[in-house]
Structure formats: structure tokens, C-alpha cells
Amino acid sequence: MHVTVNGRFQELTEGTSLPAYIKSQGLDPSVIVVEYNFQILPEQGWEKIILQENDNLEILRFVGGG
Amino acid sequence: MSDKLKISNQEFSTRLLIGTGKYACDELIPDILASSGAEIITVALRRVDFEATVDNVMYHIPEGIQLLPNTSGARNAQEAVRIARLARAMGCGNWIKIEVISDNKYLLPDGYETIKATETLAGEGFVVLPYISPDLMVARKLVEAGAAAVMPLGAPIGSNRGLKTRELLKIIIEEIPLPVIVDAGLGRPSHACEAMELGASACLVNTGIASAAHPVNMARAFAQAVAAGRQAFLAGPGASQGTARASSPLTGFLYEENAN
């Protein structure tokens with residue numbers, strides 16, 4: 001299935017959960033924030049989200065800035 | 001004497017805020033924090049780069065430091081609000097530095113969009129510190145909109161040119177009943193010192209420190225300059241004048257004839 005992550009198409013296996021995807025990308029959930037279909041996900045409660053065809057994910061982190 | 005910087009309901013002992021951009025490596029940040037004594041630090045929010053290493057700026061910012069995420073990258077109020085909400089969802093507090101910029105040459109902020117974003121975010125309980133041109137009317141509207149401080153620029157971001165806006169900054173400092181944090185363009189400790197002598201509440205320095213040959217030492221120099229400028233402001237500098245006023249007595253010279 002196709003999911004858009006940070007503006008790019010990604011091919012993912014059906015039934016991939018959001019936490020599994022995050023983990024597969026080597027990301028530390030404590031230092032990222034996720035917008036799922038244009039809704040900001042709270043710190044907790046998104047463990048159960050299963051990604052669907054055409055989902056849109058924005059995964060962000062803090063970087064150096066002034 | 002206690003001379004705390006008060007922003008919203010928080011108090012700080014140092015009046016130098018620092019940024020985290022442009023360092024050769026983020027491992028320097030704890031040392032910069034230590035040498036500057038800064039208690040407030042800015043960060044930016046960006047998309048995760050899947051090709052980059054796993055390092056994260058947050059691993060280098062110790063507990064107890066007030067995080068001030070900025071909305072850099074926002075070109076209008078709507079984008080700034082979105083970035084602010086995402087930053088808050090990161091779980092590091094509700095402070096936000098509004099930065100709305102659509103001019104890529106001088107990176108000058110958009111006052112109108114900044115006011116709109118401030119109104120929305122202050123209404124949502126954010127502690128809002130907007131980055132502005134030193135425009136009195138914009139600053140006044142930000143006070144009404146619920147800003148916690150205003151951050152007028154000294155010179156364009158990253159230019160290291162100093163207080164090019166001096167006369168306008170003086171007006172903001174005089175008229176705005178909020179902390180005035182001079183942000184952007186402060187390239188040398190003397191620039192920051194002068195801002196503080198003018199009565200600014202604090203200074204935010206990023207490039208001035210990050211672009212120095214020895215950033216840790218430069219951070220210390222900025223902290224000392226900010227503290228010195230603050231003390232000078234509180235001490236009340238004497239008046240200046242165009243002609244000389246002798247510091248030594250003008251009578252009793254050795255060659256003067258004895259009066260008797």
C-alpha cells in the first residue's frame with residue numbers, strides 16, 4: 001500500500017502499525033512529533049494506529065535553530 | 001539585589017538567550033550553555049531526514065533549560081500556528097518564538113502575520129515571544145494580542161552587524177511594557193552590551209556565538225557583556241556632551257603663583 005511520509009510516497013506492507021513504521025525507520029519516539037492525516041498525535045495513545053492506503057504522515061523533530 | 005528577568009510567570013537569572021543553529025556539531029551545546037549561563041535556548045522544527053544520522057539536538061540540551069522553539073519556515077500566520085502546535089506536542093512546554101518570514105534576502109519578519117499568529121497562540125495558552133522589526137505600532141498590537149515579550153531585531157538575522165536599529169529599539173524599550181529581547185544581528189559582545197545599556201531586558205544570540213572561532217569562549221564573553229550592560233543600565237549612565245569636562249581639578253597647579 002502507498003503512504004505519504006514527509007511528502008514522499010512510501011510502499012508499505014498492509015497492516016503496518018504506526019509504531020512499527022517509526023521503529024523501522026530507527027526513530028526515537030521521545031524526540032519526534034507526528035502529524036497523522038493532518039492531525040497532531042498526542043504523546044500517548046497512537047500505539048494502536050494501523051496505517052491505511054493513502055495515509056499522510058508528517059514526522060518532525062527539533063533541530064538547531066536561532 | 002535581585003534582578004531577575006521575568007517572562008510570563010517565570011524568572012531567570014541570566015539575560016542572555018542562546019540559539020542552537022549553525023554549530024559545527026551539536027555536542028558543543030552543553031558547553032555553550034555552561035559558559036554562557038543561558039537558561040533559555042531556541043530550537044527549530046523540521047521534517048525528519050531519513051537519510052541522516054540518528055543524532056538529535058534534544059540529546060544535547062540538559063533538563064531544566066527553558067526550550068524556546070521557533071516557527072522558522074513559516075511564511076504566514078497559519079503556518080506559524082501549525083508549527084507552534086506541533087512544537088508543543090513535542091512535550092517540551094508551551095513557549096514559542098513566532099518567526100514569520102517571506103523575504104528570503106533580508107529575512108525581515110512580517111508584522112501583520114506575526115500579530116495574527118500571536119493572537120491565536122496566546123489565546124491557546126502559549127507563551128508567545130514574537131520576532132519583529134522594531135516597529136512601535138506592531139509591538140503595541142502584540143501587547144494587545146497577548147505576547148509575553150517582544151523580540152525586535154538589531155540587524156538582519158545572521159549578519160553580525162550590531163545595533164543598526166538603535167533609535168527604533170530605544171523607542172520600543174521606552175514604550176512597550178513587556179520584556180524587550182534584542183534578537184538577531186548581534187555579532188559581538190559590545191553589540192549586546194550596548195543593547196543592554198539602552199535598557200533591553202535581554203539579548204538572544206546565535207550566529208554571533210556559533211560563527212566565532214571559539215564558540216564556547218565567545219558565549220562566555222557575550223554573557224559577561226550582557227551582564228555588564230545590564231549593570232550599567234541600572235547604574236544610570238552619566239550625560240554625554242560635545243565639549244570636554246575636566247576630570248581633575250582646574251586649580252592648584254604647581255606653576256601657579258602663591259596667592260600671598
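In chain B, strand 4 and strand 5 (residues 66-69) pair in the parallel sense over four bridges; helices (H or I, at least four residues) and strands (E, at least two) are DSSP runs, numbered from the N terminus, and two strands pair if DSSP finds at least two bridges between them. Within this pairing, Thr42(B) has Leu68(B) of strand 5 of chain B as its bridge partner. The model is a predicted one, in which local features need pLDDT of at least 70 and side-chain atom pairs count only at pLDDT 80 or more, whereas totals for chains, interfaces and linings use all residues. Residues are numbered from 1 along each chain as its sequence is written, while chains are lettered from A and ligands numbered from 1 in the order in which they are written.

Chain B contains eight helices and 10 strands, and its C-alpha trace spans about 90 × 40 × 40 Å along its principal axes. Of its 260 residues, 45% count as buried; a residue is buried if 20 or more other C-beta atoms lie within 10 Å of its own, exposed if 12 or fewer, and partly exposed in between, with C-beta atoms placed from the backbone. Two residues are in contact if their C-beta atoms, placed in this way, lie within 7 Å. Among contacts in chain B between residues at least 6 apart in sequence, 63% join residues at least 24 apart.

Strand 4 of chain B is largely enclosed by the rest of the structure, because six of its eight residues are buried. This strand also pairs with chain A: five bridges join strand 4 of chain B to strand 5 (residues 56-64) of chain A, and the two run antiparallel. Across this pairing, Phe62(A) has Leu45(B) as its bridge partner, and Gly64(A) stands opposite Val43(B).

The contact between the chains takes 29 residues from chain B and 21 residues from chain A. On the side of chain B that touches chain A, strand 4 (40-47) and helix 2 (77-89) each supply at least two residues. Strand 4 of chain B gives the most to this side, with six residues. The residues of this side divide into 14 nonpolar, 10 polar and five charged (Ala, Val, Leu, Ile, Met, Phe, Trp, Tyr, Cys and Pro count as nonpolar, Asp, Glu, Lys and Arg as charged, and the others, Gly among them, as polar).

Two bridges join strand 7 (residues 127-132) to strand 8 of chain B, and Ile132(B) stands opposite Pro152(B).

The buried residues of helix 1 (residues 29-36) of chain B are Ile29(B), Ile32(B), Leu33(B) and Ser36(B). They cover an arc of only 100 degrees around the axis, which puts them on the same side of helix 1 of chain B; the arc is that of the directions from the helix axis to the C-beta atoms. These buried residues pack against strand 3 (16-18), strand 4, helix 7 (207-210) and helix 8 of chain B. Just after helix 1 of chain B, Gly37(B) takes a positive phi of about 70 degrees.
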